[in-house]
Amino acid sequence: MSNKSLFIKSGFVRAPLQNGVGRYVCQLQRIVLKFCKSHGGSRGIRDFIEQDLVDFAKNSPGTVVYLKPRRHRSPVIVAEYLNGDRVWMSVHQKTHSEITKWIENLRTQQGDVAATRLRKYQYTDHPSIQGPWTPFTFKDPELNTAVLPDPKFGANNRLPVSATEKLRLLFEKQKLSDVQTAE
Amino acid sequence: MAFFRRCLPILTREIKNIPLVKHEVHIHRWVAPTLMELKHREIRQGGKKTFPRNTFLEWNLEAELYAFSKRLGEEFDSELLLQAFTDRSYVIKEEMKQTEMDFALKIKDNRELSDKGIKFMEEYVQLYLEAVLPRFPKEGISCIKNHLLSENVLANVCLHLGAKDIILSAEYPVDNSTLANTFKAIVGALYESSSEEKAAHFVRDFVITQLQGQDVNEYWHIEDPWKMLTELIAKTGASIEPRLIGQVGKGTLLACYRVGLYVDKKMLSTGFGETVAIAKEMAAREALKKLFSTEDNMHPINYKLEGMPMTKSQSRQQTMLS
């Protein structure tokens, strides 16, 4: 995590209000395009308004589009989402195609996603499927019918091989190979 | 010269260590005190003010209402929708203003619509839950229903449908009770202006889906699961037998007991706990979940039931006929 993202609000990958379980609701509720009618910096957004805005408004009737001409100020897009987020974006000197892509991005995202740091890339309501562990969870079913004490289950095979035992094994292996070479 | 050559590697190492470009962002010394002063002035004037969105220059109530209905894919009667968004507090405020200015203009508030809406929702949610959880008892169903129709859940749904800014209310930001009331009124308005089926689907898609990813057993607290289980089993004529089927670490802090419940020598469920009593209670809870078919691994609730679901008596009659 970089130093910059320390103060960013954190969150998980979630759909707002179980969106899509019932029906899909476009999360962009209104968009305000602020621009200047004469300045060169607003050229791209003026082109967008002239050519694509009517189609955009027709295709997304759930979004309210406001136009706000302001004299001699740089162009800005403000998008407001259903969860209360507000995204402010400067489009100064951006071209028509760039603005089209940015607006498509604003339309399809679910809130101010760029301003949240994802704590994880996945999310679950049920972190465990099989429930909490108990000493009986992975018990060997053979134990149910065994008569205890049983050397099979009572054998102490949990300790690692001791150094003496290792040496003895090595010695016996060597003896075997000696016999083989003699033959 | 030789001395210089000997020193060269040390010198170059030193030069490498001196940072040529500083990555620090320089913030002027006046910034922090100025911000502090501005903050103090703001507090002195009574805190930060949030202006209602509908007082902004870029605001068109008619367009907002149109977009609201289009967003949800519903056909509302525009007058009824506006009435659904009119809170009682707003009407009172407007009437006070009008008496000062000596004229009267009738504004309807949403109380009537919200009564209709909540009545419809109570009925529909009950039917729907009975249809999707057929073996869950009535008390449990009413507990889930109470959760779904509680103020917090409805207010959250209403907020995420974008009603917060449109609501005509005396206060801003609106509180949860106003939001919940508005949601009920919206359902009422939809019921009036569209059809019963449309309103039902609306409630299904936005209210009942709030159960997605939740454990339905958590909304119903069973005081004595063992008593309930024995009563249920006794109705079928069988008897239930608890057996201790495992114990570990007896008499220690980490003791764990496991109890199995058997009906006719067949295992119904198991439960574990730090004492035998707790283990038995957990086993009984597990058994109840099995009987109600709401286990942890239950099939997800069906959120696609069409129209008004049939009542229990209706569906029983149909099965008897077939």
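Predicted model: local features only at pLDDT ≥ 70, side-chain atom pairs only at ≥ 80, totals over all residues.
Ala, Val, Leu, Ile, Met, Phe, Trp, Tyr, Cys and Pro count as nonpolar here, Asp, Glu, Lys and Arg as charged, and the others, Gly among them, as polar. Residues are numbered from 1 along each chain as its sequence is written, chains are lettered from A and ligands numbered from 1 in the order in which they are written, and side-chain values use heavy atoms, with hydrogens and water left out.

Start with chain B. It contains 13 helices and three strands. Helices (H or I, at least four residues) and strands (E, at least two) are DSSP runs, numbered from the N terminus. Chain B is assigned domain 1 (61-217) and domain 2 (222-292); such bounds come from an automatic or database domain assignment. The centres of the two domains, taken over C-alpha atoms, are 43 Å apart. Of the 322 residues of chain B, 38% count as buried. Buried means under 20% relative accessible area, exposed over 50%, and partly exposed in between (1.4 Å probe, protein chains only). Contact means heavy atoms within 4.5 Å. Among contacts in chain B with a separation of 6 or more, 60% join residues 24 or more positions apart.

Now look inside. In soluble globular proteins, nonpolar side chains tend to be buried together. A nonpolar core is a set of buried Ala, Val, Leu, Ile, Met, Phe, Trp, Tyr and Cys residues joined through side-chain atoms within 4.5 Å. The largest nonpolar core has 78 residues, and those with the most contacts inside it are F68(B), F85(B), M121(B), L161(B), F183(B) and F202(B). Helix α6 (residues 111-132) of chain B gives this core its largest share, nine residues. Both domain 1 (61-217) and domain 2 (222-292) of chain B supply at least three residues each. Take M121(B). Apart from neighbours within four places in sequence, M121(B) touches L149(B), L154(B), F183(B), K184(B), V187(B), V203(B) and V207(B). There is also a second, separate core of 19 residues, which includes I31(A), F56(A), I99(A) and I103(A).

Just after α8(B), G162(B) takes a positive phi of about 85°.

Next, compare two residues. Is T182(B) buried or exposed? T182(B) sits in helix α9 of chain B. It is buried because its relative accessible area is 0%. Beyond neighbours within four places in sequence, T182(B) is in contact with A84(B), F85(B), N110(B), C158(B) and I167(B). D264(B) lies in the loop between β2 (256-263) and β3 of chain B. D264(B) has 62% relative accessibility, so it counts as exposed. Beyond neighbours within four places in sequence, D264(B) is in contact with A238(B) and S239(B).

On a 1 Å grid over the protein atoms alone, a cavity is a set of points where a 1.4 Å probe fits but cannot get out, and a pocket is an open set with protein on both sides within 12 Å along at least five of seven lines; lining residues have an atom within 4 Å of a point. Grid points are joined across faces, edges and corners, and a volume is the space filled by probe spheres set on the points.

The largest pocket has a volume of about 1600 Å³. It is lined by 45 residues, and E286(B), K289(B), E295(B), D296(B) and N297(B) are the closest to its centre. By class, its lining has 19 nonpolar, 16 polar and ten charged residues.

The second largest pocket has a volume of about 550 Å³. Its lining has 27 residues, with R14(A), A15(A), P16(A), L17(A) and Q110(A) nearest the centre. Two or more residues come from each of β1 (9-11) and β6 (116-118) of chain A, and from α8 (151-160) of chain B.

The structure holds one cavity of 30 Å³ or more. The largest cavity has a volume of about 80 Å³. Of its 14 lining residues, P16(A), L17(A), N19(A), V25(A) and F206(B) are the closest to the centre. That lining divides into six nonpolar, six polar and two charged residues.
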